[in-house]
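Open the structure in your viewer and keep the selection tool at hand. This tour goes from one selection to the next and says what is there.

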Amino acid sequence: MSLGFAILTALLAIGLLALIFGSILGFAAVKFKVESDPLVEQIDHILPQTQCGQCGYPGCKPYAQAIADGDEINKCPPGGDATIKKLADLMGVEAKSLDSAHGTEDVKKVAFIREDECIGCTKCIQACPVDAILGAAKQMHTVITDECTGCDLCVDPCPVDCIDMLPVKDSASSWRWDINTIPIKQVG
Amino acid sequence: MPNNYDDIIEKLDNNQLWDFPGGVFPAERKTLSNQTPIGKLPIPERLFVTVKQHIGVEGHLIVEVGQKVLKGQALTKSMNPFAVPIHAPTSGEVAAIQKHVSAHPSGLPEMTVEIISDQQDKWIQLNPLIDYQSQPKIKVLAAICDAGISGMGGAGFPTHIKSSPKKDVDFLIINGIECEPYITSDDRLMREHAWQIRQGIDVLCHLLKPKQVLIGIENNKPEAIEAMQVACRENPNYRICSVPTKYPAGGEKQLIQVLTNREVPAKGLPMDVGIIMHNVGTCFAISDAVFSGKPLISRVVTVTGEAVEKPSNLWALIGSPVAHLLAHSDYNPKLQKQPNVIMGGPMMGFNVINDKVPVIKTTNCILAPTDTEISSNNEQACIRCSACADACPVSLLPQQLFWHSKAKELDKAQDYNLFDCIECGACAYVCPSEIPLVHYYRIAKSEIRVEQEEKQKSDKARERFEKREARLIAEQHARDEKHRLAAEARKQAMESKGNNAKDKIAAALARAKAKKQAVNIEEETSVSKADLANDVIEAAAPNETTEASATQPTTKVASSNQRVQAAIARAKAKKAAAEAATSNVEVEVPSEVEVEVEVEVEKNNDKVSESIKTETQSKNQSVNAKEPAPHAAKPEPLKPESASSESVSEVTATKTATIAASKKARIAAAVAKAKAKREAQKAAETEQTSKEAPLAEVEDPKTDSSQEPVKTQEQQIDMKKRKIAAAVAKAKAKKAAEKADKSS
Ligand code: SF4
Ligand code: SF4
Ligand code: SF4
Ligand code: SF4
């Protein structure tokens, strides 16, 4: 009798607890719902954010969404093999080489406007995905180098072809040690 | 706390020190260079002073090419607290300011001031601060900063920053340890200039107020220890500590550990544990700066190695090319298989790219070893002997770091605290497989840094991209909303189309809105079109003011009426602008006035008639008085006539007839301008054929009016035209090329 009672109370207590926690969790799930798909976010964080559209989508985020929906992971030329490798790790698929239909990996570049040739048509401003071009109608335009992702999208719209894509120069602070440049060896 | 101040002092009193883990004992080879006094060098013909010689930011140059400079004259200046200036090392002329190979492992060219010496070595006026003790600290710090002093031991941290701590300082440690083999510059400096070093320490004490000064000198330099002891005899607070010789005891964190047993946290500064450390060379420079006002323009450099026949220490001017020092020490390249000169010591130094590399403030040694001195690099596989881990002074696991660095598993390398590695090279020294471990770490570190930078950049790009998207969407929404509102208003107006004037007004309002909308849309969708519209608005501006001033006097009546009329006026101006874009401006003017008067006539039927009356009255008044209406936006005395409530023909007639000549000329000029602009735009968009006719038109009204401004205008237009023509030609060529591309 007393044993049966004890079991009953225990069951009741556990059941009650389960109910309480269940409702708390349920409430939390509704209240603190995460809106965006975390997978898309994760993929987006791996993509290089050049926003060039070479992947066939209007920016990195849409491509991230597409990957999450099952698109191939080898369509982003600016990211190159390093990005593909990371995406493969994340998605748990085999890394493959870059799909050359979308372009090839290139050195990093930034846009440069030859300012005396610019006619101030503002077309490049409209093309820039990250608002890295400054200018106003009929005024000389210029590129904010630090903000430029090197996406190449402003080059084509320019009616006077005054935008160049220049490779980013090495500086002492961005220079990478090269194993071959330092043949200092030990003291014998 | 075992490391509190009193315990440390007690232990020091007993002549006991602590130890750091690991460490190695490479051959010292110091006697090569430390037997002779510091020698003097002749002034080199050309000096190359690198603008950025320290951590932080460089100042901006304040000299020009061709300018004569005196010895000690500042070459850069900056407001940034992390910048220290550089100075002319001797008198002469600035020959060039350009990129020159740098004293950096990469050898990448850096901005450099090249000075041709005049061999007179003439000093600039010096301002010593002998009574520094009575001066405010800030002044002493400024003197140190202005003398261009940055740490002369390692990375070159600006000294004045290190000397203005926010916290109390327990220990000021003077680093007199030269643990790397070969180097003896600090050794010689202490032996020969102990007094001056002590004076520098005095200045630092004045600034830092430390409880105790510890001067750490390795026990393989007994002469230096003695010299310093003599110099510091009078000051009981200065304690000379003879530190056991072990590499890398001179590392900042290692020396702190040896002397105080305190551990500087990873990514922390010595200040975090109440300690400030300065190099003896820096102390010497400080005393030079304070007591004789001399900036840091020279330093002691050890030139050594068996490939130089006269190894010694030399006073080298900052900016002297390495070749100059080597030549003076009889460098014999034949003793090497291939020229091999190292800047810094054999453990932590780097190979210079060529012998034009200049001496900078942190250059302590130039080493030209023979091939037998430095073993060849033949890297073999790691045998997992863990000798490296035993040698590491930071207690890292060099072997794991090596694996992960080599395999480019950068995050794993970071998990093994890659960034705590001080690149001392102890691990590589002991490695039986002769693996150049440090080089792998350096590569991994720089790759991680680059990756982090890229990450930051891409985060910024993402943010900007998303902001832009949001903005575009918001704009689209706003546009849609406007469309909707305009459509609704139009519908309403259509439905309630009655005879009463109110409805008419509503309709007019709706039209006005729609027109405004149209203009706005035009503006938004195509900037060039919007420009065009703007230009024409400019041209139409007189018309607008005509109407505006015409409507203004009605303000005396109901305010609602006033607003309605203003709206109508605006709408018309916009309409005029929009239409002028497609048709002729001059034709537009009368038709506009027509509409205006029509509306007003209609209003006559209603209660608005009153207003019109007053309007006419006021107009007559103003015409008589030749004065602007009191509320007119732009005082144009003759305008009100055009709005008189008579008939259309009269209005136009009076307008054309009575407007003063000068005004006519002005309007004509404006119209001409608009036309020219429009023409230019058209030409840019379509073809050039129709360019001639309007131009001729443009010329006529101009000749009537004042000559001068017209000409400049014409010139401007011409220039613009030419530019645009060129642009068009280019664009066409581009298009053609594209077409050709596509068709082929
Ligand atoms: S191809 Fe361009 S837009 Fe597409 S993911 Fe790569 S960087 Fe982003
Ligand atoms: S597209 Fe070319 S011409 Fe037009 S504003 Fe940009 S840089 Fe200038
Ligand atoms: S180089 Fe780095 S890993 Fe090697 S011993 Fe020195 S601190 Fe340790
Ligand atoms: S000392 Fe060299 S061989 Fe030995 S474990 Fe370290 S890296 Fe490997």
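**Stop 1: a sheet in chain B**

Select β2, β7, β6 and β4 of chain B: these four strands form an open, antiparallel sheet in the order β2-β7-β6-β4. Its edge strands are β2 (46-50) and β4 (68-69) of chain B, each pairing on one side only. Strands are DSSP runs of E with at least two residues, and helices are runs of H or I with at least four, numbered from the N terminus. Two strands pair if DSSP finds at least two bridges between them.

This is a predicted model, in which local features need pLDDT of at least 70, side-chain atom pairs count only at pLDDT 80 or more, and totals for chains, interfaces and linings use all residues. Residues are numbered from 1 along each chain as its sequence is written, chains are lettered from A and ligands numbered from 1 in the order in which they are written, and side-chain values use heavy atoms, without hydrogens and water.

Next, select β6 (residues 92-100) and β7 (residues 110-117) of chain B, which are joined by eight antiparallel bridges. B:Ile97 has B:Val113 in β7(B) as its bridge partner.

**Stop 2: ligand 3**

Select ligand 3 and the 13 residues around it (a heavy atom within 4 Å). The nearest are B:Cys392, B:Cys421, B:Cys424, B:Gly425 and B:Cys427. In chain B, α12 (426-430) and α13 (437-495) each supply at least two residues of this shell.

**Stop 3: the cysteines**

Which bond joins the sulfur atoms of two cysteines? A disulfide, which is covalent.
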